[in-house]
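I set out to record what I looked up in this model, entry by entry. Overall form comes before single residues.

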Amino acid sequence: MKKILSVIIAISVIIAVFSSCSGKSKNGETFIMPVSSTPESLDPQIASSDVERLIIANCFEGLFRLSSDGKPENGVATSYTVSPDGLTYTFKLREDSKWHVLSGYEKILGEDFEKKYDFRVTAKDFVFAFRRAVDSKTASNQAANLFSIKNARNINLNNTSPSALGVRAIDDFTLEITLDYPDSNLLYNLTSEAAMPCNEAFWNATKGKYGLSVTYTLCNGPFYLSEWNDDQNVRMTRNDDYSGENEVKPYSVRLIVNNDEEDIKEKVLSATYDAAFLSDAQLKDADVSLITKMPFENTVCSLIFNCSDTYFSSLKIRKAVCLCSGMDTNTLPVNISSLASGIVPPFCTFSGENYRVAAGKANLTEYNEKNAKKYFEKGLKEIEADSVKFNVLCSEEYEETIRTLIQSWQKVLGIKLVASVDVRETNELKNLVRNGEYSLAFYPLEATEQDAKNFLFSFSTLSGNNLLNFSDKKYDSLLNAAAEKSTASALAECENYLLDNAVIYPVFNSNSYFVTAADSEGIYFRSNKHNVFFINAERKK
């Protein structure tokens with residue numbers, strides 16, 4: 001009898017192991033997606049990389065969450081009211097929302113911590129989180145999402161006390177937010193990482209290590225962080241304490257580090273991976289019947305001028321280069337979707353409407369050899385130079401594109417312009433541009449969210465996340481005015497200022513795809529690489 005029992009137990013263990021390896025669990029399915037790296041921090045108010053923000057989108061829940069159709073839906077909030085002047089929002093919170101507690105927390109919080117600490121998600125958690133997000137000491141990349149809240153901008157930029165922020169807890173489950181000006185994008189911005197709640201007692205107990213490991217991360221979303229292996233993988237497991245309006249269907253999600261583009265493609269096509277981001281080039285010879293794909297245009301590949309450079313400090317030199325930088329469709333790379341219609345990517349929105357439709361046509365520089373020569377000669381006199389010599393930074397993918405542009409410049413402007421290509425890895429390229437260590441760069445301007453206003457803020461000293469190391473008081477003033485006016489035409493003034501002053505010359509839109517394997521459904525994606533949601537994920541029957 002004992003032998004029979006031993007055999008049964010052994011068989012059960014083997015079945016469990018193989019079920020786990022195949023991505024199945026008696027409590028649901030496990031879904032797999034490749035990522036470029038593991039996170040450095042899962043503190044929502046600090047997170048900046050796509051993988052960090054993706055994990056936070058699934059492991060945390062703010063007042064609202066993005067639905068499968070891209071609209072804000074109730075998260076911790078169950079309802080809200082708005083004052084007649086549009087400046088005061090009052091949110092009612094669900095009373096059964098909890099922080100997911102791990103046994104390892106006793107090392108941080110002490111013995112009997114479950115009796116000593118309140119693990120309900122309350123209005124105070126949002127007050128503490130919002131104050132952290134706009135505090136300049138936090139250096140949040142997403143602080144601008146909350147700038148319409150009363151005093152947020154002054155707190156972030158002028159070191160006003162965070163306690164002055166227009167957010168207060170009326171009681172445990174009632175939160176009031178007061179704005180400086182009406183903000184039609186407020187609910188959408190409340191789905192961002194910066195607006196995720198933070199438990200002050202737990203944050204204090206971590207002593208500066210909040211979000212740096214599984215045991216230093218406190219989650220309230222559909223999943224909780226259950227495994228985090230540096231440079232290997234992250235696992236998110238279904239949070240049985242989750243009390244949101246939607247059922248959490250998967251058992252877990254594994255994010256595996258993989259930067260081999262060919263391997264990623266093959267594993268999606270073979271359904272080893274359930275979801276991934278692929279380029280046009282990767283999909284060129286793929287059997288697309290094996291996947292479901294969704295295109296998105298969130299990147300405008302552009303020439304970026306360093307306005308502090310010896311030569312490109314001259315507006316005339318910058319304009320001369322722009323005037324002879326036109327490209328036709330026959331010379332464009334195969335992985336682009338269309339010629340640029342402006343600096344702001346095509347998928348960006350304003351108040352729920354496509355930004356380009358709302359803002360109108362951008363002031364794009366049209367190809368003109370005659371004017372290019374005039375500006376160039378005037379520019380040389382202005383900077384007292386006989387010629388200009390510079391490198392153009394770019395990634396390997398666009399080396400031939402830049403060589404084509406350089407040929408056009410030299411054909412029009414002659415031997416007084418000497419340019420060469422300097423190929424760098426994409427991450428190195430971005431760091432050099434961010435630090436101002438460049439003259440001219442061909443740069444992928446990627447919008448990390450749909451809000452056109454926040455995209456334009458990313459080129460400003462106002463954001464705390466200046467992508468181009470660009471500093472211009474006039475531009476900052478236009479952005480402030482646009483934020484207060486909250487109109488598409490005011491935003492268009494900001495975009496056109498960059499175009500008219502030849503800070504950025506947009507060339508073409510780059511197309512990418514979010515793809516899911518043939519046997520997976522319910523994984524939804526909303527325009528940005530960090531907005532991938534697994535709450536509804538299922539295997540097709």
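**Provenance.** I note that this is a predicted model, in which local features need pLDDT of at least 70 and side-chain atom pairs count only at pLDDT 80 or more, while totals for chains, interfaces and linings use all residues. Residues are numbered from 1 along each chain as its sequence is written, and side-chain values use heavy atoms, with hydrogens and water left out.

**Overall form.** I counted 18 helices and 24 strands in the protein chain; these are DSSP runs numbered from the N terminus, helices being H or I of at least four residues and strands E of at least two. The radius of gyration is 25 Å, close to the 24 Å that the globule rule gives for 541 residues, so the protein chain is as compact as a globular protein of that length. The radius is taken over C-alpha atoms, and the rule is 2.2 Å times the number of residues to the power 0.38. Along its principal axes, the C-alpha trace spans about 95 × 55 × 40 Å. I found that 54% of the 541 residues count as buried (under 20% relative accessible area; exposed is over 50%, partly exposed in between; 1.4 Å probe, protein chains only).

**Backbone angles.** Most residues other than glycine have a negative phi. N159 sits in the loop between α6 (152-158) and β7 (167-171), and is exposed because its relative accessibility is 61%. A502 also is not a glycine and has a positive phi, of about 50°. A502 belongs to the loop between α18 (488-500) and β20 (504-517), but is buried, because its relative accessible area is 2%.

**Surface patch.** I recorded a positive patch formed by K370, K374, K378 and K381. Patch members have over 30% relative accessible area and no salt bridge, with like charges joined within 9 Å; a salt bridge is a side-chain nitrogen of Lys or Arg within 4 Å of a carboxyl oxygen of Asp or Glu. K381 lies in helix α13 (residues 369-383) and is exposed, because its relative accessible area is 68%.

**Contact.** I looked up S68, in the loop between β3 (64-66) and β4 (72-74). S68 counts as partly exposed because its relative accessibility is 47%. S68 and F525 are 457 residues apart in sequence, and their C-alpha atoms are 7.4 Å apart in space.

How values were computed:
Patch = residues over 30% accessible without salt bridge, like charges linked within 9 Å, V, L, I, M, F, W, Y side chains within 5 Å. Areas by Shrake-Rupley, 256 points an atom, 1.4 Å probe, with all protein chains shown as cover. Lys, Arg positive; Asp, Glu negative; His and termini not counted. Charge placed at Lys NZ, Arg CZ, Asp CG, Glu CD.
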